[in-house]
Amino acid sequence: MLSRKGLIPEDYLLTRLAEDVLQPKFKAKPRKARFVAKNGTCNVAHTNIREQGRFLQDVFTTLVDLKWLHTLIIFTMSFLCSWLLFGMIWWLIAFAHGDLDARGDGFVPCVTDIHSFSSAFLFSIEVQVTIGFGGRMVTEECVSAIFVLIAQNIVGLLINAIMLGCIFMKTAQAHRRAETLIFSKHAVVCVRNNRLCFMIRIGDLRKSMIISATVRMQVVRRTSTPEGEVVPLDQIDIHMDNPIGTNGVFLVSPLVICHVIDPHSPLYELSASDLLHDDVEVIVVLEGVVETTGITTQARTSYVSEEILWGQRFVPTVSEEDGMYAVDYSKFGNTVKVPTPCCSAKVLDEAGGLAQVKLNEGATSRPTARRRRASTMRRKSTKES
């Protein structure tokens, strides 16, 4: 229809139809699922849990882990149920003592001004939240009413402590602080100090610092043991070289975290071509103590094979301006290409190191350059003749 109106040429339509019908379609190799998402959530589903009662043994943690909607529903229902329960108890006490019937002036009720369940419910609310409007009160006529008054006060305090503590913990959860801890979108592999290195960049957007910040890395891959056991998610630790040379990082400005790929590294046999077909996932965990609250926080992310850039490095983000250091977060994830061998660190070490590889490349490139110059001179002489 579009071709008839002159909007799209007829031959384009025929070409597209021919391509869709005749050309075979190839599907890319399916990648394995991520173990940790880019935002830090773990891609793990717990199924067939038979001992569900274990969650009730730690009620407080279960309430904190619930969604906000469920927490607010439980918060409201806990108070309403307790008010209704003790309202029924106060009504039963008044009914058993005969307070609901009209009596003479000399009659002393257990609770004054209770004439129905509605008034008993209002008195229950006044007792538990300590409002005390002054119209209803407990007398010394009934001992049971005094014990119920004490019990309701204790239950009300327990509900207040648990529910308010739950709301506070949900609002002050550590992962909220992790929202301002950022990681570079890609990891890079390049040469630093004549060694092949795996590097990422981390940063903190807030001025309040993360105290005793540490960075840990793990490689998650499918491995098999010499006995034939297949480990689908083998977590292998990666040794980190912190930029300041200590156990913790001083995360005031963005830092490049470097891992030297040595014979002890799980990435020792990984080359640039291996990233195209191997399922490699590197998990990065940043952990520290929030300066303002003293709560330990943790931020996580991961890098799969497609997110590891071989032969690139991060551009600087810190510059000195007007006597202070300025951080340009628009360059946080920017990278530039640098000369990097495409072979693995193992092949690089077997070849004699980076210096020897450069020497060999220079020796092989010289005859090639000479042949090119000779062929160019022959072409020029042929044209002149």
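Biologist: Which helices do the buried residues of α4 pack against?

Modeller: The buried residues of α4 pack against α3 (68-97) and α5. Contact here means heavy atoms within 4.5 Å. Buried means under 20% relative accessible area, exposed means over 50%, and partly exposed lies in between (1.4 Å probe, protein chains only). Helices (H or I, at least four residues) and strands (E, at least two) are DSSP runs, numbered from the N terminus.

Biologist: What kind of model is this, and how are residues numbered?

Modeller: This is a predicted model: local features need pLDDT of at least 70, side-chain atom pairs count only at pLDDT 80 or more, and totals for chains, interfaces and linings use all residues. Residues are numbered from 1 along each chain as its sequence is written, and side-chain values use heavy atoms, with hydrogens and water left out.

Biologist: Which residues of α4 are buried?

Modeller: They are Ser119, Ala120, Phe123, Ser124, Ile125, Glu126, Val127 and Gln128.

Biologist: How do I read the span of a helix? What are the values for α4?

Modeller: Start with the expected span: 1.5 Å times one less than the number of residues. α4 has 12 residues and reaches 17 Å from first C-alpha to last, close to the 16 Å expected. Helix α5 (residues 143-171) has 29 residues and reaches 43 Å, close to the expected 42 Å.

Biologist: Which residues of α5 are buried?

Modeller: The buried set in α5 is Ala145, Val148, Gln152, Gly156, Ile159, Met163, Cys166 and Lys170.

Biologist: At what angle do α4 and α5 pack?

Modeller: Axes are lines fitted to C-alpha atoms, for helices over the stretch in contact, and angles run from 0 to 180 degrees between N-to-C directions. For α4 and α5 the angle is about 60°, with the axes 9 Å apart.

Biologist: Is the crossing of α4 and α5 left-handed or right-handed?

Modeller: Look at how the near helix is turned from the far one: anticlockwise by less than a right angle is left-handed, clockwise is right-handed. The crossing of α4 and α5 is right-handed.

Biologist: Which residues meet there, and how many are nonpolar?

Modeller: From α4 come Ser124, Val127 and Gln128; from α5 come Leu149, Gln152, Asn153, Gly156 and Ile159. By class, this contact has 3 nonpolar, 5 polar and no charged residues. Ala, Val, Leu, Ile, Met, Phe, Trp, Tyr, Cys and Pro count as nonpolar, Asp, Glu, Lys and Arg as charged, and the others, Gly among them, as polar.

Biologist: Now salt bridges. How many does the count give?

Modeller: The rule asks for a side-chain nitrogen of Lys or Arg within 4 Å of a carboxyl oxygen of Asp or Glu. The count comes to 4 salt bridges.

Biologist: What is the partner of Arg136?

Modeller: Arg136 pairs with Glu126, with the closest N and O atoms 3.3 Å apart. Arg136 is in the loop between α4 (117-128) and α5, Glu126 is in helix α4, and they are 10 residues apart. Glu126 is buried at 8% relative accessible area, while Arg136 is partly exposed at 24%.

Biologist: Which parts does the salt bridge of Lys38 and Glu307 tie together?

Modeller: In this pair the closest N and O atoms are 3.5 Å apart. Lys38 lies in the loop between α1 (10-22) and α2 (59-65), and Glu307 in the loop between β8 (296-304) and β9 (308-310), so the bridge ties together parts 269 residues apart in sequence. Lys38 is partly exposed at 31%; Glu307 is buried at 14%.

Biologist: Where does Lys346 find its partner?

Modeller: Lys346 bridges to Glu269, the closest N and O atoms being 3.5 Å apart. Lys346 is in helix α8 (residues 345-350) and Glu269 is in the loop between β6 (255-260) and α7 (274-277), so parts 77 residues apart in sequence are tied together. Glu269 is exposed, with 54% relative accessibility. As for shared partners, salt bridges join Arg34, Lys38 and Glu307 into one network.
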